[in-house]
Amino acid sequence: MTVGVTRTDAVIEGLADARERTLELVDPLSDADVEAQHSPLMSPLAWDLAHIAAYEDLWLVHRFARRELLHEDLAATYDAFETPRTVRGDIELLGRQQAEAYLEEVRARTLEVIAERGTGDGELFELVIRHEHQHRETMLQTLQLARIPGFAPPLPPEPRAPGGHTGLEAIEVPAGPCLVGAGPEGYAYDNERPRHRVDVPAFRIGRTPITNATWLSFTEGGGYERRTLWSDEAWSWKEQYDITHPLHWTDGGHEWRMGRSEPIDPDKPVIHVSWFEADAFARAHDARLPTEFEWEKAATWDQGTGTVRPPSSQHANLDQRAFGPHPAGAHPDGASPCGAFGMLGDAWEWTTSDFRGYPGFRAHPYREYSEVFFGPDYKVLRGASWATARRVASPHFRNWDLPQRRQIFSGVRLAWDA
């Protein structure tokens, strides 16, 4: 926190920044684009807007300040578990203008609560700020799937990179203990705690994520036709949906980047691949996906000092401005202690690990954030993407999804036994 800035000031600034970014994202869109369900995998953007409002009202006005909900009649509609994505396009929802008015009304109530009661320890306010940032990444997934004509945000200049990275270059990580998970200080989600010691055998990990050029070689070399690379479940999925290349690639050597089609850049990390594809790709290269403990050790553990030293989020492609990955190796100042590049930003990276609680896990502040997803159905992703807010990105953060999902900004980093 900046010297002279109170916790309350910082909370108000954080709330305002998240809201400004959300409204900025939908501002260029028509009402019809905001209200349509562009994919059965995703919500109408208008649902996301109203959900953000309902979540803030629930946690900051109702549960923190003990006031009545602003719209109790809308609570079930905008509860992610009461109203799953599969039905959100079929029920009556608030329109774009109504949803934005809901956001404004709730924010006025929140500011009244802060003026009257302060922010307490700030934890619930941080939960709500990060929730909005995370939902904006979800909204960006929707916009990527929608391919709305004319929606092509201006792109900032990209940093230069040396080129030549393939993702197949490996770094040795020696055997030994490391600390995994978030420490007691600062904010973290329940599934990131408690921090605990893990003994990890020696392994090798990719210096960078797998690049488009390397994945193109896999595609052109028949990787999607080689039955021996794919598990039974993965092959059935691939055949059912005629999967022949990463989502958003076209047969003409282009890929969709939000509202525009552009040539596939060979030096950028591949993105929008499922766990099924990542696993098959790894097998094709006599490799595997890292466990999430291997991934976190490579990202954070300083072998020389025996301490956690996470890579800098200031030297990473984060914060939703680039609208796509940067070339692999473009942020050398953000290298991890072992020398791996891009372990924060650009693309979420699949691991081989099922999503489960750490030893001593305690659900907080509600079971539905993490615990209901524990088990073999969901695979863990690490590292954050270009669409992840810097405030949320952390090498301890654990994302998760089904192995067939490709709408997330997901890529691949390989691992090998030592």
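Biologist: Why does E262 count as buried?

Modeller: Buried means under 20% relative accessible area, exposed means over 50%, and partly exposed is in between, with a 1.4 Å probe and protein chains only. E262 has 17% relative accessibility, so it counts as buried. Please keep in mind that this is a predicted model, where local features need pLDDT of at least 70 and side-chain atom pairs count only at pLDDT 80 or more, while totals for chains, interfaces and linings use all residues. Residues are numbered from 1 along each chain as its sequence is written, and side-chain values use heavy atoms, with hydrogens and water left out.

Biologist: Where does E262 lie, and how do you know that it is in a strand?

Modeller: E262 belongs to strand β6, residues 260-263. Strands are DSSP runs of E with at least two residues, helices are runs of H or I with at least four, and both are numbered from the N terminus.

Biologist: What makes the pairing of E262 and R257 a polar contact?

Modeller: Their side chains are joined at 3.2 Å. A polar contact is a pair of N or O atoms within 3.5 Å; within protein, one must be able to donate a hydrogen and the other to accept it, and residues adjacent in sequence count only if both atoms are side-chain atoms. Contact in general means heavy atoms within 4.5 Å. Once its neighbours within four places in sequence are set aside, E262 is in contact with H254, E255 and R257.

Biologist: Why is α6 called largely enclosed?

Modeller: Of its 24 residues, 20 are buried, so α6 is largely enclosed by the rest of the structure.

Biologist: What lines the largest pocket, and which element gives the largest share?

Modeller: There are 49 lining residues, with A80, F81, R85, H135 and F373 nearest the centre. The largest share comes from α6, with eight residues. The volume of this pocket is about 1,600 Å³. A volume is the space filled by probe spheres set on grid points, which are joined across faces, edges and corners.

Biologist: How do the lining residues of the largest pocket divide?

Modeller: They are 28 nonpolar, twelve polar and nine charged. Ala, Val, Leu, Ile, Met, Phe, Trp, Tyr, Cys and Pro count as nonpolar, Asp, Glu, Lys and Arg as charged, and the others, Gly among them, as polar.

Biologist: Where is the second largest pocket, and how much space lies in it?

Modeller: About 530 Å³ lies in the second largest pocket. It is lined by 20 residues, and A10, V11, G14, E126 and R391 are closest to its centre. Two or more lining residues come from each of α1 (7-26) and α6. The top contributor is α1, with seven residues. That lining divides into six nonpolar, four polar and ten charged residues.

Biologist: How many cavities of 30 Å³ or more are there, and what lines the largest cavity?

Modeller: The structure holds three. The largest cavity has about 150 Å³ of space. Its lining has 15 residues, and E255, R257, I271, G324 and P325 are closest to the centre. Strand β5 (residues 254-257) gives the most to that lining, with three residues.

Biologist: Is E225 buried or exposed, and how do you know?

Modeller: Its relative accessible area is 53%, so E225 is exposed. E225 sits in the loop between α7 (212-220) and α8 (232-240).

Note on methods:
1 Å grid on protein atoms, 1.4 Å probe; cavity = no way out; pocket = protein on both sides within 12 Å on 5 of 7 lines; lining within 4 Å.
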